[in-house]
Every structure is written in C-alpha cells, then in structure tokens.
Amino acid sequence: KAVFYCNSDCQRASWREHKKVCTVHLEGKLEKDRVRLGGEDRAIGDACCDLGGLYLGQDRLGLAEERFEEALRIFGVVGGERSGNVASVSTNLGVVYQKQGRLNDALRLFRRALRIFRRLCGNDHHLVAEVLENVGTLLCEQGKHERAMENLEEAHAMYVGLYGEDHEKVAIVLGNMAIVLKDQGRGSEALKMHEKALDINRRTHGSDNDNVVMSLCNLGGAYTDQGMLDEA
C-alpha cells in the first residue's frame, strides 16, 4: 500500500513509530539477530513473541503459529519448560490454535499455561484468571457448557477479588458467561448477565466507548432471542 508524506522529515518521523510494528522490518531484524546471536537466545524468543503477536492481531494465523512455536521452543530450552515465558507463549499459541479450529490442541496449551501460572503466581492472580477465561470460552465452543461455566465463574471471582465489581475484565467475563447461558437455553439469565455487563462498562468507560457499544449489541441480541423486539 502506497503512503505519501509531505516531506522527508514527516516520513522519518512516521518510520520511527511504524518500524516498531512493521513485520517486514522486524523479520529482517530477526534474521540478522539469528546470525549474530544464534538460534536459541532469549532475545530471539522475545522477537518471535513480538512478531507472533503482530501476526495474530492481523489474523495471519499461519505466521503467528510459526513464530509462537519457535518462541516456545526457545524459552523451553533457555528457561525451562515450567517458566513464565513458556506459560505466556503457550497461552498465545493456544489462542492461535483456537482460531484455527484446533480446539483440543488449544485446550492442551491453555491447561499447560494454567498449571505453570498457578505454581508461579498462586491461585488469585490475573494471569490465572485470564487463562481460566480462555479455557471457559473454548469449552463452550466444544459444547461442554457446565465445565465452561465452572471456569468462567472462577475467573469472575478472581477478577472481582483483584479489581472490584466495576472493571472491564469483570464485564467481559460476564459477557462470556452469558453466551454459555444462552447456549444452555437459559435466555432470561443470559439477558440479565448482559445487562450487568453493560452497566459495568457504562460506569467504567462512560457512554462513548467501544466496550459499551459491544455490550449494547450483545444485549440487543439477547432481547431479540427473548422476543423482546421493542427493547432490542
């Protein structure tokens, strides 16, 4: 895609920011670092993680998978299979697998990350809650609704304990719990959950916010499912 700049100073100023997220530039830098540092250096693992995150954000799942798998191998060698880096990359790679429809592979990685984070951080840590939420959404996708809700409820309790009721992470997990309730045929309970998530987002962010818009869309869908078309 062509980009036009008003002058060379403008172009240089833009490049200083763009190079941080330019996958072409970062891939070139990674190749040079492989030659300079060798293939199993922590800095190479960090660079692969950064690239994997960029590719995941761009929905380039094959490339994200390659970089996260390389990072996972490196961190397993330099830090041990039970390190925090291994847990973090396992979570990210699990997200890639889930998006690819490889649900069993994703669940295996999420559970691995959960075991490591529980051991390193204890049972009341935001990293544990985040992986529990990943597990819950995946189990819901597999149709295992009771187990999904157990994981989401545990994540919800952790978020409330860490941040209080009025926090965006609390609202997000409530929205995921509402999806499980809907899939179980418990539409009225799902509706109440969406309403609660919307109230939290409004108190937390105000009315003009993407999270509020998403909550409104979810709530509108819940009203429609219940046949409450005027409210929708």
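Which residue with a positive phi follows helix 5? Gly101 follows helix 5, with phi near 85 degrees. This is a predicted model, in which local features need pLDDT of at least 70, side-chain atom pairs count only at pLDDT 80 or more, and totals for chains, interfaces and linings use all residues. Residues are numbered from 1 along each chain as its sequence is written, and side-chain values use heavy atoms, with hydrogens and water left out.

**Overall architecture**

- The chain has 11 helices and zero strands. Helices (H or I, at least four residues) and strands (E, at least two) are DSSP runs, numbered from the N terminus.
- The order of elements from the N terminus is α-α-α-α-α-α-α-α-α-α-α.
- Along the principal axes, the C-alpha atoms fill a box of roughly 60 × 50 × 30 Å.
- Of the 232 residues in the chain, 40% are buried. Buried means under 20% relative accessible area, exposed over 50%, and partly exposed in between (1.4 Å probe, protein chains only).
- Among contacts with a separation of 6 or more, 55% join residues 24 or more positions apart. Contact means heavy atoms within 4.5 Å.

**Helix 5**

- Helix 5 covers residues 84-99, and its 16 residues should span 22 Å at 1.5 Å a residue. The end C-alpha atoms of helix 5 are 23 Å apart, which agrees. The expected span is 1.5 Å times one less than the number of residues.
- The buried residues of helix 5 are Val86, Ala87, Val89, Ser90, Thr91, Leu93, Gly94, Val96, Tyr97 and Gln98.
- The cover over these buried residues includes helix 3 (42-57), helix 4 (61-78), helix 6 (103-121) and helix 7 (126-141).

**Arg115 in helix 6**

- Arg115 lies in helix 6. Arg115 is exposed, because its relative accessible area is 56%.
- Arg115 and Cys49 are 66 residues apart in sequence. Their C-alpha atoms are 21 Å apart in space.

**Helix 7 with helix 9**

- Two packed helices are described by the angle between their axes and the distance between the axes.
- The axes of helix 7 and helix 9 come within 10 Å and cross at roughly 20 degrees. Helix 7 is therefore roughly parallel to helix 9.
- Axes are lines fitted to C-alpha atoms, for helices over the stretch in contact, and angles run from 0 to 180 degrees between N-to-C directions. Angles under 35 degrees count as roughly parallel, over 145 as roughly antiparallel, 65 to 115 as roughly perpendicular and the rest as oblique.
- Helix 7 passes helix 9 in a left-handed crossing. A crossing is left-handed if the near helix is turned anticlockwise from the far one by less than a right angle, and right-handed if clockwise.
- Helix 7 contributes Glu130, Glu133, Thr137 and Cys140 to the contact. Helix 9 contributes Lys169, Ile172, Val173, Asn176, Ile179, Val180 and Asp183.
- This contact holds five nonpolar, two polar and four charged residues. Ala, Val, Leu, Ile, Met, Phe, Trp, Tyr, Cys and Pro count as nonpolar, Asp, Glu, Lys and Arg as charged, and the others, Gly among them, as polar.

**Helix 8 with helix 9**

- Helix 8 (residues 145-163) packs against helix 9 (residues 168-183) at an angle of about 160 degrees. Their axes are 9 Å apart.
- Helix 8 and helix 9 are therefore roughly antiparallel. Their crossing is left-handed.
- From helix 8, the contact residues include His145, Met149, Leu152, His156 and Tyr163. Their partners in helix 9 include Lys169, Val173, Met177 and Leu181.
- The contact of helix 8 with helix 9 divides into 13 nonpolar, three polar and three charged residues.

- The 19 residues of helix 10 should span 27 Å at 1.5 Å a residue. The end C-alpha atoms of helix 10 are 26 Å apart, which agrees.
- Gly187, Ala190, Leu191, Met193, His194, Ala197, Leu198, Ile200 and Asn201 are buried in helix 10. Helix 9 and helix 11 are among the elements that cover them.
- Gly206 follows helix 10, with a positive phi near 85 degrees.
- The axes of helix 10 (residues 187-205) and helix 11 (residues 210-225) come within 9 Å and cross at roughly 160 degrees. The two helices are therefore roughly antiparallel.
- Helix 10 passes helix 11 in a left-handed crossing.
- The contact of helix 10 with helix 11 comprises eight nonpolar, six polar and two charged residues.
- Ser215 sits in helix 11. Ser215 counts as buried, because its relative accessibility is 7%.
- Leaving out residues up to four places away in sequence, Ser215 touches Ala197, Leu198 and Asn201.
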